[in-house]
Amino acid sequence: MAEPLKAHKDKKESMTMHRYTDRVVLITGSGSGIGRNLAERFAAEGATVAVADINGDAARETAKAITDLGHRVQAFTVDVADTVSVHGLVEEVESALGGIDVLINNAASTLDLPFLDLSEREWDLDVGVTLKGPFLCSQAVLPGMLRREGGVILNIGSVNGFSYFGNDLYSAAKAGLLSLTRALAVRYGPRGVRVNLIAPGTIRTPFWDGRLAKDPAVHQRLARWYPLGRIGEPDDVADAALFLASSAASWITGTALTVDGGLLAGNAVMTADILGEEY
Ligand SMILES: NC(=O)c1ccc[n+]([C@@H]2O[C@H](COP(=O)([O-])OP(=O)(O)OC[C@H]3O[C@@H](n4cnc5c(N)ncnc54)[C@H](O)[C@@H]3O)[C@@H](O)[C@H]2O)c1
């Protein structure tokens, strides 16, 4: 298959803008992967970032790396699936950093188990973190956003919310997250709160560590399914998030933006088979 026109590395003409000066951005699951990169990128654009993760050490480590670059950030420990923990987090963030302007619901859980082996416990874990978490976090930040007559909630969904790729409960939870996105967008749009969802395809993060340990070539094989010829990087998601949470997206709410190299647009491998072409 042909090389993509532009390799990811070449893509960043990156002139850092400062779209988030004086904005407080709370990001769940930001001790690792996409969330950590979001924390770094929002902080680099002037935001005061609340790095929240169930892994307190990872949150502190992320916050330290961002502080060392001279940006404003604070680490918090939270379990997004626990209502007391979430309400405690939002109170702490608001008293330490001020009212939350942007909430990014990023934390999620995926268990790799065959459907018939899944128990109620696994449902509670995957759906609890991936869908109940955004429900609890949104419910906790919304009163402040409504008092201030504005705010942005950005949900990190997945292509798994649109199509099935082997994770039964995670898919169900991500599809529910799309529905929650639309509900909150319609309900609170009239009061100045925008709610959108980003649906990434495969992104190179520690989320994949377990599978890579068993199958080091998995990312190479997966790249074949992406019309743009590669899997994604955390920066691909951050670029979309920095736009959707900014005033440049002020008339966009209730939408789902796929950041998936064209995966959901159609089936590149099958298309080549139909056309009898090499892929
Ligand atoms: N990596 C991918 O291929 C991919 C693809 C599509 C969507 N996503 C989505 O992107 C988001 C981030 O994924 P990632 O790849 O960066 O994963 P990751 O495993 O690198 O990071 C997830 C973070 O969430 C934290 N977390 C887990 N449970 C939590 C809880 N109960 N409360 C608070 N924090 C918790 C973890 O400690 C970890 O730091 C998730 O919503 C995931 O579904 C990832």
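## R60 and its partner D57

R60 is partly exposed, with a relative accessible area of 47%. Here buried means under 20% relative accessible area, exposed means over 50%, and partly exposed lies in between (1.4 Å probe, protein chains only). R60 forms a salt bridge with D57, and their closest N and O atoms are 2.8 Å apart. A salt bridge is a side-chain nitrogen of Lys or Arg within 4 Å of a carboxyl oxygen of Asp or Glu. D57 is exposed, at 56% relative accessible area. Both residues sit in helix 3 (residues 56–68), 3 residues apart, about one turn of the helix. Helices (H or I, at least four residues) and strands (E, at least two) are DSSP runs, numbered from the N terminus.

This is a predicted model: local features need pLDDT of at least 70, side-chain atom pairs count only at pLDDT 80 or more, and totals for chains, interfaces and linings use all residues. Residues are numbered from 1 along each chain as its sequence is written, and side-chain values use heavy atoms, leaving out hydrogens and water.

## Other salt bridges

The count comes to 14 salt bridges. One of them joins the side chains of E40 and R36, at 3.0 Å from N to O. E40 and R36 are separated by about one helical turn, because they are 4 residues apart in helix 2. E40 is partly exposed, with a relative accessible area of 29%. R36, E40 and E61 are linked in a network of salt bridges.

R221 pairs with D215, the closest N and O atoms being 2.5 Å apart. R221 is partly exposed at 42% relative accessible area. D215 is also partly exposed, at 23%.

## The ligand site

The shell around the ligand holds 27 residues, and S32, D53, N106, Y170 and T205 come nearest. A residue is near a molecule if one of its heavy atoms lies within 4 Å of it. The shell divides into 14 nonpolar, 10 polar and 3 charged residues. Ala, Val, Leu, Ile, Met, Phe, Trp, Tyr, Cys and Pro count as nonpolar, Asp, Glu, Lys and Arg as charged, and the others, Gly among them, as polar.

Which polar side-chain atom lies 2.5 Å from an oxygen atom of the ligand? It belongs to T205. A backbone N or O atom of I34 lies 2.8 Å from a ligand oxygen. A polar backbone atom of I203 is 2.8 Å from an oxygen atom of the ligand. Taken alone, the ligand exposes 840 Å², and the protein buries 90% of that. Helix 2 (33–44) and helix 6 (168–188) are the elements that give two or more residues to the shell.

## A nonpolar surface patch

F162, F165 and L264 form a nonpolar patch on the surface, with about 250 Å² of accessible area together. Accessible areas come from the Shrake-Rupley method with a 1.4 Å probe; for residues, only the protein chains shown count as cover. Patch residues have over 30% relative accessible area and no salt bridge; like charges are joined within 9 Å, nonpolar side chains (Val, Leu, Ile, Met, Phe, Trp, Tyr) within 5 Å. F162 is partly exposed at 39% relative accessible area. F162 is found in the loop between strand 5 (151–156) and helix 6.

## Positive phi angles

Most residues other than glycine have a negative phi. D22 has a positive phi, near 70 degrees. D22 lies in the loop between helix 1 (8–11) and strand 1 (24–28), and is exposed at 64% relative accessible area.

E149 has a positive phi of about 60 degrees, although it is not a glycine. E149 sits in the loop between helix 5 (120–147) and strand 5. At 64% relative accessibility, E149 counts as exposed.

How values were computed
Polar contact = N/O pair within 3.5 Å; in protein donor to acceptor, adjacent residues only side chain to side chain.
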